Amino acid sequence: MSPAELPVEDMLPQYDPAAVEPRWAVEWIERGYFQAHLPSEREPYCIVIPPPNVTGRLHIGHALQHSLQDVLVRRARMKGYETLWLPGMDHAGIATQVVVERELRKEGIDRRDIGRDAFVERVWQWKEQYGGEIVDQIKRMGNSLDWSRERFTMDEGLSRAVREAFVRWYDEGLIYRGERLVNWCPTDQTGLSDSEVEHEDVDGELVTFRYLLSDGSGSVAVATTRVETMLGDTGVAVHPGDERYAQLVGKTVTHPFDGRRIPIVADGAIDPEFGTGAVKVTPAHDPIDFDIAQRTGLPLINILNADATVNQNAAEEFYGLGRYDARIAVREALEKLDLLVEETRPYVHTVGHCYRCHSEIEPWIAGLQWFVAVDALRGPAKDATLDGRITFWPGRWQKAFVGWLDNLRDWNISRQLWWGHRIPAWYCPDGHVTVAREDPDACGTCGSPTLEQDPDVLDTWFSSQLWPYSTLGWPDDTEDLRFFHPNTALVTGYEILYLWVARMIMSGISLTGDIPFRNAVIHGLVRDAHGRKMSKSLGNVIDPMEMVDRFGADAVRFSLVRSASGGQQDIPLSVESIEGARNFANKIWNAARLVFRAYPGGEPQLPPAERLTVSDGWLISRLEACRADVEASLDLYQFSEAAQEVFRFSWSEFCDWGLEMQKGRLDAEGADRQDAANVVAWVLERTLRLLHPVMPFVTEEIWQRFGIGPSISISAWPEGRQDDRDADAEASFALVQDIVSSVRQFRSRHGISPSVKFEALAAVPAWGRPSVESLAERIQRLAGVTPFAIVDPDAVKPAGWIALTLAEGFVHLPPGLFDMKAESTRLLKQRDEIAALLARSTAKLANQGFLAKAADDVVASEREKQVKLTQQHDEIAAQLAELGG
Ligand SMILES: [Zn+2]
Ligand SMILES: [Zn+2]
């Protein structure tokens, strides 16, 4: 039986996501609903998924990101756009290589034993066999991706795009090969881009030591946090205007361990205020010193091997020491020579760490590396964000982004790995470089047939920067590319704003001549309910698939979307909130059961206006308000607000009030029953469509019962119906709600069970009287008041009765519902106690001595206390007034 034929009677009281979700997840894809078809007369809407690593399993961050994208994409599809959400995966250079190396090591194999080709072959095998587990998980979450267009950053087309980009930039002089300092990870033994380095404070040391002037006329003191690098010092630098050192510029100092003469130079970048005003210059091991050396002509001495041990360029006594041992040994040697001036320990300073293995990064000359020159690329990227072609959501990211572009340095794209896009550059024995789209047979300069390809691969981000257009067919002029580029939106976390988003914009403008996407939607990180990062060591990791098994994908999606507020950086999530979302799905399900008990199916039609009750008018008006809010929020990428709004309407207005008000009519017979059923069915069907992008499964499963189309996922998004807004109905019904709520609150205050019925008189203003009269039967039932009568607003309260105050009017209740005398005594006593406390607090806050002496937070908490006591006092006074006291 296909889902469309399911009878209404099978709706069990407990909604069971496990029985519904896997079925629809497959069915939607099989029916081809998510596939884009070109040519198309419709407007394009395109999002490409930020490609997860092929090694990955779905974590909660993915679940969030995909849910947000699916909300946008499902709504766009329902709105009639030609919609494409394109899936794919990233080959993830280091991450994947590390996984496969680990596998091999279990077999006792080192990758170097089997060689490059065999190793890469193993990685492909691994990818086919184990990679892409995440694809099934993405599908299970209900994401509406077009799997017929799935891509991989190393598939044939994307590999061609990578070569095209490299060659084009090389020809334009934007890619160059140079010997520059790179961020070197001694553990992974590869260079890293600036964005792959995590800067953290460490407890280090600051050592000040002296260099003796070669002419014996004195010494210069310099300070460093890495004293071992002095083995590679090639200069001492001072500010040209620093009078203390004016006579020393041009002189030399003598290196204490190898006797080298080191010049003292002047450089405008030196801060005379910092330390002694003189700095040691180690160009091969510090990026700032590298720049000084470029300006002043100081030579480079590389004193470290790739594994960060001291090499033979250093004085002999330090050969072979690890960098940390060398730090100790150099300091001790300086001390022996009486050159040590001062030590500060601990000295907290910032050190870069490898984002993968957390080793300290070594600025290092790693032979010739390839770089992307960013000077010509950043300007157009900046312009595109400033002139509004690309909009950041939330907008505050724009400023950070532009500031970051201003400080961008050339991008090192060489990686000393085997897994990835091999750099398309070949070298002949004479050292000529040939860069080509196709593997060349001969040197482009001298024609030598002996060529060796660069052994390195490209930074993973080199291929992912092309993702928004390479996935659509670039560099070919494809129909997909013409139609779907620029993409509508790019949704991603702020942590890769620079690593990825910036590079897509720079490369996109440079290579395609157009921006890659119109909107950059930036979200925060998912954290635990206490705002802490989820981590294995804290034991607070929420596994989305485990949550899907327990509560359903709808629940996971809803709780994530509801928490993803645009203004706030991080997104708190708890198991309880997912459980709450499951309960919400169940609530909707049960509302639908109630509707379908009276509604036979088919396209719901509202009865003519004159047959609508006040509560009908109110409910229809509130639904339109909800729709407008959801629409406005999603237009501004305010996901949380949209989810919150549809939740609030569905639960509080539709279920708690709308359906409750209809129960009597739905249980009756005849035309009025039909009208009531039509109204709630119409509201339900429309609400389902508003909720569908966030909770696709439960909405689909219910919507099928209407039997009005193949799938809600291709139904139309609710259009605006301004005329549905009805201020009179909203005001009149608010009065009815007020009556019911005030009686319910009265019951809970005095512990009176809902089963105890009592009489009530509603003294309401004349304008509200007809509505209250028309709904008197429901008021009696919901408030448990009987008999119930409506009286004039200025009618005198019968003697001894209690008055509940409404926003406009009163509800009068008879005496004897509880022991009023005891209650009144209790309240009076309580009021006196609170009054005493309040007087004390007020006196304290009036005392200048207290205000002057007490800490700010003590004063603040006293003020809070005063406010709270005042509120309590007022509440008790109101209750006493109610008792007529
Ligand atoms: Zn590392
Ligand atoms: Zn050559």
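This report describes a β-α-β unit and a zinc site in a predicted model.

## Basis of the description

Local features need pLDDT of at least 70 and side-chain atom pairs count only at pLDDT 80 or more, whereas totals for chains, interfaces and linings use all residues. Residues are numbered from 1 along each chain as its sequence is written, chains are lettered from A and ligands numbered from 1 in the order in which they are written, and side-chain values use heavy atoms, with hydrogens and water left out.

## The β-α-β unit

Strand β1 (residues 44-48), helix α2 (residues 60-78) and strand β2 form a right-handed β-α-β unit. Helices (H or I, at least four residues) and strands (E, at least two) are DSSP runs, numbered from the N terminus. Right-handed means that, with the strands pointing away from the viewer, the path from the first strand over the helix to the second runs clockwise.

β1 and β2 run parallel and are joined by five bridges; pairing requires at least two DSSP bridges. Isoleucine 47 stands opposite tryptophan 85. All five residues of β2 (residues 82-86) are buried, so the strand is largely enclosed by the rest of the structure. Buried means under 20% relative accessible area, exposed over 50%, partly exposed in between (1.4 Å probe, protein chains only).

## The zinc site

Donors are N, O and S atoms within 2.8 Å of the metal (3.2 Å for Na, K and Ca); water is not among the atoms, so sites may look incomplete.
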